[in-house]
Amino acid sequence: MSTRAVRRPVGRRLAAFATAAGLLALAGCSSVTYAETPLPTTTPPKPTTSTSAAPAPTCDNATQSYDPLPSLPSRGEITDGTMRNIITKGYITVGVSADTYLFGARDPFTGGLEGFDIDIARAVAKAIFGDPSKIQFRVITANDRIPLLQDRSVDMVARNMSMTCGRWKDIGFSAEYYRSGQKVLVGKNLPDAENLALADLKGKRVCAPTGTTSLTKLRSINGPTVVTAANHTGCLVLFQQGKADAITGDDTVLAGLAAQDPNTVITKAKAITTEPYGLGLNKADVYLARYVNRVIADLEADGEWKAIYNKWLAGPLGPAPAPPTPVYGR
Amino acid sequence: MSAPTTNVPVAVPAGTPSGAPTGPPAHPRTIAGSIPGARTVASRLLHGTPGRMRLYGLLGVIAAVLLGAASANALLASQAAVERAANNTAQVVRAQSIHVDLLRADAVATNAFLVGGLESADSRAKYQDAMSRVASGLAEAAAAQPADGKALGQLSIHVQTYAALVEQARSNNRLGLPVGAQYLKQASAGLRSEAIPIIAQVVESNEGRSQAEFDRSNSSLQLLVGVAALLGLAALAVWLAKRTHRYLNPSLTGAIALLLVTLFVAATQITSVGTATRDVARGTYQRAVTLADVTTAANDARANESLTLISRGSGKANEDAWGANRKQVDASLVDLSTSSELRALWGRYVDAHVSVRGLDDHGRWDGAVKLSTSTATNGAANTFNAFDTRVTQLRNDASEKTVSTLQGLAGNAGLFAALTALAALLAAWLVVRGVGQRIEEYR
């Protein structure tokens, strides 16, 4: 019996050795498997909540600007601080759009900016410097317009900007230089597309750029689902990608979009708003506003305004109407 | 000594009704019946001092074999780790190439767009080359590392979206429609927010895998088993000497010496592979990774320069991104040895960029675009291409050298493992011979 008592532990030790050897061999031969490469966690972009903007302040003189200067002074005669800075700088900085076809858009062939607003801005540069190219364009979004004027990053904004009572609280405007109205653009495939109004687009996704009066108006209408983009062309991209069913905005802007996509149509429904365009200025720059108003008045008087209109807008909108009547006396 | 009467019930042959009394040795055909016989033989063999000599001799043989197995295994494990490190490094290089080519394609596309008009055949070809390399690189990378499959699948979706948006931008651009610019913006933004984070993750994961294998390549810990076995054999020799009063057993001593040499060679080989691998990890591998980072950041910077100009005054975010890219390139170039040539080339591009910004910030956008796309000596396009070409070339050299060095390191481990196994077998035979000799003498 004694031998068995000795033998058993030995047997166990042997087994332990064999197991250890086996495990070692396994450890060497087994292939290494790697954990799957994780995908980066992306935080989905915050959905732009349809927080309705504060009710627009009302007044009856939204289009009223300052009296124009009696005549254009020469550069040497100007003593106003803001204008002296512009003259010293050698060019005027103007915030414009690069994607509002016909108003302010980049020409893909030349890379240059062109359109109705661009020509108006150049006319101001020409008045100050005698040279329409003494201008620095700064491409901005609609949402940038007021902050950039307030911090003086731009001297002037020529970007289809509606004059409103609310905006007058933050910035100044020139006299009205163009009158537009908000309409809607839809896909031709919708039934009775040509006659649809915004209110008819119940449950449809309607796009408007952030920071525009068009968006404020769209949010006030019951029915459509609001979709936003950084600018109107962004809305057209969403439309072409099937992420929006319609776009709302000023008729002039929509004309530019419709010209880029033959599958769209601007409906015949009456414009739901009146959009008087003014050149945006810093609130304190009253002298510059009076100067610009003189430039606009001269453009309208000598037929230059009509020429610019016909150059850009006669095609889609017909020959130039009479320019809007300026209201002064603010 | 009689056979034990307490037979274990485990040994009941299949088919025997349970509970039936197990037969004593009357049925020797059953396994239960045969065990006592085997045990009798075993106890007779292991009985007394010769029996113990036999037992310890057997343990000695096992120790010799164990030592051989552990050494061979450690050698092969080290080889396998180095090979996997080479494969993972190759995958890092593939992923980085995809990363660089995506940004290069975007830099070319945005810059071509900036020029206005129809893009040049040259820049179109450059864009297509980069995207073709991305497409084939994705397929190769997915095949090379199954663990990357899912991530690369997602990346592939985003790359397709990017390419589709760029084509839409192009066709609208050719028609003179401003919506083309919007498509390009969306393409670039999507590339950076969706595709780049995935490829960066793939690069990071494979860098981690490479690092893990670099660490695993030194498997000398497994040799401790061999050391234990060797100590066991020495104990056997001492025990045998005490028992037999013969101090030198040539065979046993020979076996111990042979195993000692085997263990030493294995340890040396593994340590040298480990050291060489670590040198690669800190040397050419690190250099390849850093150069790839430089290439990536530089191409991102170039795209950001174009995007800043396209934004015409509202490109602060892109210009800030350019600044961040520049910092990254500068920092990486400091880390690199012999980078004075690269620093000079990069400096020339930075100068060109600063001039571009100077022009744009002072209202001369046209001049800025002209300089940014200029292939003249000091033009941004020319200076950037010179830097990009050189840094890419250096990176390719470094990564090729890394992979080939690693593959070379692993080369002769198989031969060493085979020799180790043979030596262990020879030692086992010597142990049997030495112990056998003493048993004979004992009788």
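Colleague: What pLDDT does chain A average?
Modeller: Chain A averages 85, and 86% of its residues score at least 70, where pLDDT is the predictor's confidence in each residue, from 0 to 100. This is a predicted model, in which local features need pLDDT of at least 70 and side-chain atom pairs count only at 80 or more, while totals for chains, interfaces and linings use all residues. Residues are numbered from 1 along each chain as its sequence is written, with chains lettered from A and ligands numbered from 1 in the order written.

Colleague: Where does pLDDT stay under 50 in chain A?
Modeller: Over residues 1-19, with six contacts beyond four places in sequence, and over residues 26-30, with three such contacts. A contact means C-beta atoms, placed from the backbone, within 7 Å.

Colleague: How many residues of chain A are in contact with chain B?
Modeller: 37, and they meet 45 residues of chain B. H1(A) gives the most to that side of chain A, seven residues; helices are DSSP runs of H or I, at least four residues, numbered from the N terminus.

Colleague: What makes the largest nonpolar core a core?
Modeller: Its 203 residues count as a core because they are buried Ala, Val, Leu, Ile, Met, Phe, Trp, Tyr and Cys joined through C-beta atoms within 7 Å. Buried means 20 or more other C-beta atoms within 10 Å of a residue's own. Ala121(A) is among the members that touch the most others; its contacts include Val94(A), Ile135(A) and Met156(A).

Colleague: Why does this core lie between domain 1 and domain 2 of chain A?
Modeller: Domain 1 (75-180 + 276-317) and domain 2 (182-266) both give residues to this core, so it lies between them. The bounds come from an automatic or database domain assignment.

Key
Contact = placed C-beta atoms within 7 Å. Helix = DSSP H or I, 4+ residues; strand = E, 2+ residues; numbered from the N terminus. Buried ≥ 20, exposed ≤ 12 C-beta atoms within 10 Å, placed from the backbone.
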